[in-house]
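Work through the exercises below with the sequence and the model side by side. Try each task before reading the solution under it.

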Amino acid sequence: MTSNLKITTAVALLAASTAIPAAAELKYENNSGGYVLIYGQLNPAIISVDDGEQTETNLLDNDLSRSRVGLRLMQPFGANEFGFRFETGLGLPNSTEVDQNGSFYSGWSREDLRHVDFWLEGDWGRFSAGQGSMASDGAAEADLSYVGTALYSFLADSNNSFIFRDPAGVLSGPTVGGITDSFDGSRRARVRYDTPEFSGFTASVAWGQNVLTSGDDRDYYDAALRYANEFGGADFSAAVGYQVRDDDGTKRSDVVGSASVLLQSGLSFTVASGSRDDDAAGASDPSYYYAKVGYEGDWFSFGKTGVGVHYYDGSDFNLDGSSTTGWGVGAVQKVESINTDVYLTYQEYEYEDSVANYQDLSTWVLGAKWQF
């Protein structure tokens, strides 16, 4: 087995990152009811991936919720409210930029820009323009479990680029990220409209383009419906989305949905599902379903604890007739005094298609997300 980083060093670095004291809210108000808020987070993680032949261990920025900094401006504008949001990733070595062949760290680039977003909101709804979430962003991720900080419907944040080995040990298979997609919506340079909330329902539509990646001239458009309510002390949240990528008439469309319920006992149940229809020549039409059971409680005086187990089943990813299975367990511990979530997860991935029954891949993640 090989290791790119000594565990003892990684643990020391991770511990140092969680020793940062909790910061006071960086909010600055004006005399007309508006304010500017500066916020951000750091999310380092020790990530160890075993592909059946070797183990790679690295200290990386976890793409599950990457390190970032942002600014939010809110200002009353007559009967409406004007808003602006700027947010960017920090460009740290990321968990998507490592595989068995080494690191392909890119540093900060314009693709790390997450939001450059303007909006106007009133009783009539909300109109947004700029780089930001499309309507279906989050439609596959309705999740009320506290362990969702570490386990959710997309399983490949920590090992996205790692390659499956065939029975002979050759790196000939697809990547983990290529066979575990949740089809969730994205962020684009877009225009978007959200309706006012009505009896718990909100609808959204958007059209946009990918201006952060060179050479992508495709059109993206989508719609989503969301619902949130409380029933007898139980919280419920659900979303469905439909999105299309139009490449000069060749279309790829996704239908996704998710739902989550959190009971007063702390028990939670979360499900998600999605399917894709791709008109491109030779493309497969994959689908999946996902389920998670979680529990949260105040077991320690210093913060809430969440634990959970989840399962993912996919078909026709990469090739028609392929099969994907993933499962994992995890725990998240809040440390209120430093506003940090410390988490530990273990996940396994299985993939087979008409070419081979590839070796299983497993991943341990120990991380800490500090927010200010």
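## Exercise 1: Two loop residues

Aspartate 248 lies in the loop that runs between strand S14 (234-247) and strand S15 (250-262), where strands are DSSP runs of E of at least two residues, helices are runs of H or I of at least four, and both are numbered from the N terminus. This is a predicted model, in which local features need pLDDT of at least 70 and side-chain atom pairs count only at pLDDT 80 or more, while totals for chains, interfaces and linings use all residues. Residues are numbered from 1 along each chain as its sequence is written, and side-chain values use heavy atoms, with hydrogens and water left out.

Task: state whether aspartate 248 is buried or exposed, and describe its phi angle.

Solution. Begin with the cut-offs: buried means under 20% relative accessible area, exposed means over 50%, and partly exposed is in between, with a 1.4 Å probe and protein chains only. Aspartate 248 has a relative accessible area of 78%, and is therefore exposed. Next, take the backbone: phi of aspartate 248 is near 50°, a positive value in a residue other than glycine. Most residues other than glycine have a negative phi.

## Exercise 2: Salt bridges

Task: find how many salt bridges the whole structure has, and work out which parts of the chain are tied together by aspartate 143 and lysine 292.

Solution. A salt bridge is a side-chain nitrogen of Lys or Arg within 4 Å of a carboxyl oxygen of Asp or Glu, and a search of the whole structure finds 14 of them. In one of these, the side chains of aspartate 143 and lysine 292 meet at 2.5 Å, N to O. Aspartate 143 belongs to the loop between strand S10 (125-133) and S11, and lysine 292 to strand S17, so this pair ties together parts that are 149 residues apart in sequence.

Arginine 276 lies in strand S16 (residues 267-278) and aspartate 254 in strand S15, so the parts tied together here are 22 residues apart in sequence. Both arginine 276 and aspartate 254 are buried.

Finally, glutamate 296 forms a salt bridge with lysine 304, with the closest N and O atoms 3.4 Å apart. Salt bridges that share partners also join Arg68, Arg85, Glu87 and Arg114 into one network.

## Exercise 3: The surroundings of threonine 305

Task: locate threonine 305, and identify which side chain makes a polar contact with its own.

Solution. Threonine 305 is placed in strand S18 (residues 303-315), and it counts as buried because its relative accessibility is 6%. A polar contact is a pair of N or O atoms within 3.5 Å; within protein, one must be able to donate a hydrogen and the other to accept it, and residues adjacent in sequence count only if both atoms are side-chain atoms. The side chain of threonine 305 makes such a contact with the side chain of glutamine 333, at 2.4 Å. Leaving aside residues up to four places away in sequence, the residues that threonine 305 touches include Tyr146, Glu296, Trp299 and Val332, where contact means heavy atoms within 4.5 Å.

## Exercise 4: The nonpolar core

Task: say how many residues the largest nonpolar core has, and which of them have the most contacts inside it.

Solution. A nonpolar core is a set of buried Ala, Val, Leu, Ile, Met, Phe, Trp, Tyr and Cys residues joined through side-chain atoms within 4.5 Å. The largest has 35 residues, and those with the most contacts inside it are Phe164, Val176, Tyr288 and Leu361. The elements that give two or more residues to this core are strand S3 (44-50), S17, strand S20 (340-352) and strand S21 (361-371). A second, separate core has five residues, among them Met134, Ala206, Tyr220 and Ala224. Returning to leucine 361, its contacts beyond four places in sequence include Val49, Phe162, Phe164, Val176 and Tyr349.
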